Amino acid sequence: ARGYIASGSITGSLINQFALSEYKGVLFTATTDGAAWWGNRDLTASKVTAFRTDKGARRLRRIGQVGNLGVGERIFSVRFRGDTAYVVTFREIDPLYIIDLSNPRRLKVTGELKIPGF
């Protein structure tokens, strides 16, 4: 069992435990910023962020981020699988974003599929 290593903070909301993942020493989060749950959805935007432990300082340092996923929408589902993240946002069009995590300093969207929602 490992003890305390580091802590940090993020902006936005995590939808559930699947919005966090550790892969090869990097912590990945998928969050929605803005008022997604309380009304003014036009102000929302989602992102995937990469963090690494700042050795000796016991803090998490942001090393990469890709944002503007589903502007005006909120994250509905997330899965991390190795060096790939799959993010679905939700409002009226339900886009699926595929994100390459292989270089945590340069996260990038490598695919997008838009599916009409409810």
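**Salt bridges and strands**

Analyst: K47 and D33 form a salt bridge, with their closest N and O atoms 2.7 Å apart. The model is a predicted one.

User: What makes K47 and D33 a salt bridge?

Analyst: The cut-off is 4 Å between a Lys or Arg side-chain nitrogen and an Asp or Glu carboxyl oxygen. K47 and D33 come to 2.7 Å, so the pair counts as a salt bridge.

User: Which parts does the pair tie together?

Analyst: K47 sits in strand β3 (residues 45-54) and D33 in strand β2 (residues 26-33), so the pair links parts 14 residues apart in sequence.

User: Why is K47 called buried?

Analyst: Buried means under 20% relative accessible area. K47 has 8% relative accessibility, so K47 counts as buried.

User: What makes E112 and K114 a salt bridge?

Analyst: Their closest N and O atoms are 3.6 Å apart. That is within 4 Å, so the pair counts.

User: Why is K114 called exposed, but E112 partly exposed?

Analyst: Exposed means over 50%. K114 has 55%, so K114 is exposed. E112 has 46%, so E112 is partly exposed.

User: How do you know that β6 and β7 pair?

Analyst: Pairing needs at least two bridges. Five bridges join β6 (residues 84-90) to β7 (residues 96-100), so these antiparallel strands pair. In one of these bridges, T84 has D100 in β7 as its partner.

Note on methods
Residues are numbered from 1 along each chain as its sequence is written. This is a predicted model: local features need pLDDT of at least 70, side-chain atom pairs count only at pLDDT 80 or more; totals for chains, interfaces and linings use all residues. Side-chain values use heavy atoms; hydrogens and water are left out. Helices (H or I, at least four residues) and strands (E, at least two) are DSSP runs, numbered from the N terminus. Buried means under 20% relative accessible area, exposed over 50%, partly exposed in between (1.4 Å probe, protein chains only).
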